[in-house]
Amino acid sequence: MEFVTAGESHGPQLVGIVSGIPAGLAISEQSINADLARRQSGYGRGGRQAIEHDRITVLSGIRFGTTLGTPIALAIENKDWKNWTDRMAAFGEAPANLVREVTPRPGHADLVGILKNDMEDCRNILERASARETAMRVAAAGIAKEFLAQMGVDIFSYVTSIGDAIFEEEDPFMDAPDYKTLDIETSEVRCPDEEASKRMMAAIDKAKEEGESLGGTFRVVVTGLIPALGGFESGPERLTSQLGQALFSIPAIKGVEFGLGFEAARKPGSHVHDEIVLDDKQGFIRTSNNAGGLEGGMTTGMPLIVTLAMKPIPTLTNPLQTVNIDTLEVAEASKERSDVCAVPAAAVVAESEVAFVLANAYLKKFGCDTMTDIKQNLQSFKQRIKTMSR
Ligand SMILES: Cc1cc2nc3c(=O)[nH]c(=O)nc-3n(C[C@H](O)[C@H](O)[C@H](O)COP(=O)(O)O)c2cc1C
C-alpha cells in the first residue's frame with residue numbers, strides 16, 4: 001500500500017493516489033470526512049480552518065462503497081483558492097502587484113528551501129512545506145484505517161501536554177488503551193482529562209495574547225494488534241524503523257518515543273522489560289507494556305503506544321528576527337495567517353501515519369489481492385499461534 005500526495009496550500013486542490021489496496025474493502029466516506037474534520041479542529045487553530053471544510057472526493061478505485069483493488073485517486077478542494085487564483089496561477093504572468101515573501105521565518109522551511117531550489121520568493125517553498133498537505137495524508141490513511149478495522153485494529157490519540165500544561169499519568173502504557181472509552185473528542189485539546197484540558201487551553205490563550213506559539217506532546221494508541229507484525233531480519237523490516245520514518249515525516253515532529261522511550265535509558269533492565277506469562281485464554285501476554293507493544297522490531301500483541309513531541313508553530317504574530325533576502329538587511333520574519341497551537345491536529349495526522357505503516361505490515365504478512373484471502377490468512381495465523389501457546 002503506497003500513497004503520494006500533491007498540491008499547494010493555496011492551490012485549487014490537494015490530490016492523492018493510494019495504490020496497493022486489496023479488493024473488497026468497504027469504505028465509508030463519512031469516516032474519512034470525520035477524520036478530516038478532526039484534523040481541522042482543536043483549540044488554538046488559525047483563521048484558515050474557518051474557511052476550509054475539508055471533504056473528500058473519490059475519483060477512482062471505489063465502486064458502491066467497496067474498493068476495486070485499483071489505485072484510489074482522492075481530491076480535497078481548497079476553498080481559499082478563490083482568494084489566490086492570480087497569485088497561485090499555474091500559467092501566465094505574475095500579477096504586477098505581487099508581493100514576494102522575502103523574510104523567511106525561523107523554524108519553517110522558507111530559508112533553506114529557497115537556497116535548495118534557487119528561488120527568490122519563499123512562497124514557492126512554503127506553499128508545499130505547509131502542513132495543509134497533511135489533510136490529504138489523513139484522507140489517504142482513511143483507507144488504511146478502514147482496512148485495519150477489518151483486522152480488528154483500533155487507533156486513537158490523545159494530547160499529553162501543551163507548553164508546560166501537562167496531563168499527569170501513572171502508567172500510560174497499561175492505562176492508555178482504556179482511554180478510548182472516554183470522550184477525547186469533546187475536549188477542545190483532545191485530552192481525556194477535563195482539568196488538564198482547561199490548563200492546556202489557558203496556556204494557549206496566554207501564548208496567543210503574547211504573540212507566541214506552543215508545541216506539546218501526544219500519544220498514538222493502537223489496540224487489537226496481532227503479535228509478529230514487522231520483522232527482525234534487517235533494519236528496514238523493523239516496524240520500529242518504519243513507524244519512526246513515517247512519524248518523523250510529519251512537519252514539526254521533533255521526538256518519537258516507543259513505550260517508555262527515553263525513560264528506559266535511565267532505569268535498570270528489570271524495571272524496563274515486560275515479563276512473559278502464559279494466560280489460559282489469551283496465550284502469551286505481558287504483565288507490563290513498557291516496550292509500548294514492540295520488541296525486536298515486531299509487535300508483541302500488546303497495545304502499540306507511541307509518544308510524539310511537536311515543536312511550537314514557527315509563524316509568530318510577534319515575529320523573530322530574520323534577514324530580508326532582497327536587501328540582506330535585518331528584518332522581522334513574515335506573519336502568515338497561522339495556528340497558535342496545532343498539537344491536537346498533529347495527533348490526528350500521526351494516527352494516519354501509524355495506520356498506513358500497520359496496514360502495510362498486515363498486507364505483507366497476509367497477502368494483498370482481496371479481503372477474502374487476507375481474512376482467511378489472518379484466521380489461520382491466529383489459530384497457529386493459539387495452538388503454539390497451548
Ligand atoms: C497539523 C499541523 C498544523 C500546522 N500549522 C502551522 C501553522 O499554522 N503555521 C506554521 O507556521 N506552522 C504550522 N505547522 C508547523 C510547520 O508545518 C512546521 O513547523 C514546518 O513545516 C517546519 O517543520 P520542521 O521543523 O519539522 O522541519 C503545522 C504543523 C502541523 C503538523
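Leaving aside residues up to four places away in sequence, arginine 286 touches Asp274, Glu275, Ile276, Glu295, Thr300 and Met302. The model is a predicted one, and this briefing starts from that residue before turning to the chain that holds it.

**Setting of arginine 286**
- Arginine 286 belongs to strand S12, which covers residues 283–286.
- The relative accessible area of arginine 286 is 14%, and because buried means under 20%, this residue counts as buried.
- Isoleucine 276, one of the residues that arginine 286 touches, is 10 residues away along the chain, with 4.9 Å between the two C-alpha atoms.

**Polar contacts of arginine 286**
- The side chains of arginine 286 and glutamate 295 are joined by a polar contact of 2.8 Å.
- The side chain of arginine 286 also reaches the backbone oxygen of aspartate 274, at 3.3 Å.

**The chain as a whole**
- The chain contains 10 helices and 17 strands; its radius of gyration of 22 Å is close to the 21 Å that the globule rule gives for 390 residues, so the chain is as compact as a globular protein of that length.
- Taken along the principal axes, the box filled by the C-alpha atoms is roughly 75 × 50 × 40 Å.
- Among contacts with a separation of 6 or more, 72% are between residues 24 or more positions apart.

- Of the 390 residues, 49% count as buried, while the chain exposes about 19,000 Å², of which carbon and sulfur atoms supply 53%.

How values were computed
Residues numbered from 1 in each chain as written. Predicted model: local features only at pLDDT ≥ 70, side-chain atom pairs only at ≥ 80, totals over all residues. Heavy atoms only, no water. Helix = DSSP H or I, 4+ residues; strand = E, 2+ residues; numbered from the N terminus. Rg over C-alpha atoms; globule rule 2.2 N^0.38 Å. Buried < 20%, exposed > 50% of the residue type's maximum accessible area, 1.4 Å probe, protein only. Contact = heavy atoms within 4.5 Å. Areas by Shrake-Rupley, 256 points an atom, 1.4 Å probe, with all protein chains shown as cover. Polar contact = N/O pair within 3.5 Å; in protein donor to acceptor, adjacent residues only side chain to side chain.
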